[in-house]
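Please look at the sequence and the model below before reading on.

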Amino acid sequence: MTSVMAITRDDLGKLLLVQAQDKEIDALKKRLAQIPEGIAAIRAETEAGKAAMEAAKKKSQEVQLRRKEKELEMSQKEAAIKKHQGELNAVKSNDAFKALLKEIEEAKKAVSDIETEVLTLMDEGDAALKGEKAAAADFKGFESKQGEQVKSLEAKQAELNAQLSSAEERRKGLLEGVPAELSDKYEKTRQRRQGIGLSRVDGNLCTECRMALPPQILINIKKGHSIEYCDSCQRILHDIATVSSSAA
Ligand SMILES: [Zn+2]
């Protein structure tokens, strides 16, 4: 496909500078797009740390509550033992005396069992408290790290945004010298072709898609008076080796 519009090699050279600028702009936008994800990931880590801290605290409180319940149960049993021991003197029959003794023995056994449970719960409580402190320290660490990391990402974001506006400003300036018809065609091709609107010809190959080009197209490109497209990838073709160090 050959355009009837007359263009010059110089126009294509200017457009190449625009493309180089577009590559820089695209790279900046890509980096900018990653920043909110980075911030979200940092916040998620802190949220997870907070949840772990709260879970550890809840566990510690539960163990403490269970221990208090057991201690209460134990003091009730001890009170019952004391009461029964007082009652022993008042018992008249041997059977009743024996029954009461048996009850006292059982209560003493229960107290001993509860004592063991309380000791276990004390150990569990110590471990839970340790866990609670460790989780709180982790969370504090995450929290302070989050502040710094988010701040540094936000600073990066501001820096990239500044770079982006000056790159866009430069692009505007570069585009001014390009004929409107050529720049329109470039924009359309760029949108359809992953941001690359121009492709250099190397020998008889399109360097972007590596397909061979017909001889007539190659001749037209050498003349440099028309817009030529690659049949395969539809990019605008040129044979300018280098325009500037940053141009593709
Ligand atoms: Zn191509």
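How many other C-beta atoms lie within 10 Å of L174, and is L174 buried, partly exposed or exposed? The model is a predicted one, and in it L174 has 19 other C-beta atoms within 10 Å, so it is partly exposed.

Two packed helices are described by the angle between their axes and the distance between the axes. Helix α1 covers residues 9-88 and helix α2 covers residues 94-176; their axes come within 5 Å and cross at roughly 165°. The two helices are therefore roughly antiparallel. Their crossing is left-handed. The contact of α1 with α2 comprises 39 nonpolar, 15 polar and 30 charged residues.

## Positions along α2

L174 belongs to helix α2. Between the C-alpha atoms of L174 and E132 there are 61 Å in space, with a separation of 42 residues in sequence. E168 is also found in helix α2. It is partly exposed, because 14 other C-beta atoms lie within 10 Å. E168 and E24 are 144 residues apart in sequence, and their C-alpha atoms are 9.5 Å apart in space.

A137 is another residue of helix α2. Its C-beta neighbours inside 10 Å number 12, so A137 counts as exposed. From A137 to G203 the sequence separation is 66 residues, and the C-alpha to C-alpha distance is 65 Å.

## The two sides of α3

Helix α3, residues 180-192, consists of 13 residues. From its first C-alpha to its last it reaches 19 Å, close to the 18 Å expected at 1.5 Å a residue. Which residues of α3 are buried? They are L182, Y186 and T189. These residues lie on the same side of α3, because they cover an arc of only 70° around the axis. An α-helix has 3.6 residues a turn, so residues three or four places apart point the same way.

The exposed residues A180, D184 and Q191 are carried by the face of α3 that is turned away from its buried side.

## Loop residues with positive phi

Most residues other than glycine have a negative phi. Q194 has a positive phi, near 50°, although it is a residue other than glycine. Q194 is placed in the loop between α3 and β1, the latter being residues 198-202. With 10 other C-beta atoms within 10 Å, Q194 is exposed.

Q234 likewise is a residue other than glycine with a positive phi, here near 65°. Its place is in the loop between α4 and β3. Q234 is partly exposed, because it has 17 other C-beta atoms within 10 Å.

## Y229 in the loop between α4 and β3

Y229 is found in the loop that runs between α4 (215-223) and β3 (236-238). Is Y229 buried, partly exposed or exposed? It counts as partly exposed, because its C-beta neighbours inside 10 Å number 19. Y229 and L198 are 31 residues apart in sequence, while the distance between their C-alpha atoms is 9.0 Å.

Key: Residues numbered from 1 in each chain as written. Predicted model: local features only at pLDDT ≥ 70, side-chain atom pairs only at ≥ 80, totals over all residues. Axes fitted to C-alpha atoms, helices over the stretch in contact; angles between N-to-C directions. Helix = DSSP H or I, 4+ residues; strand = E, 2+ residues; numbered from the N terminus. Parallel < 35°, antiparallel > 145°, perpendicular 65-115°, else oblique. Left-handed = near helix turned anticlockwise from the far one by under 90°. Nonpolar A, V, L, I, M, F, W, Y, C, P; charged D, E, K, R; others polar. Expected span 1.5 Å × (residues − 1). Buried ≥ 20, exposed ≤ 12 C-beta atoms within 10 Å, placed from the backbone. Arc of directions from axis to C-beta.
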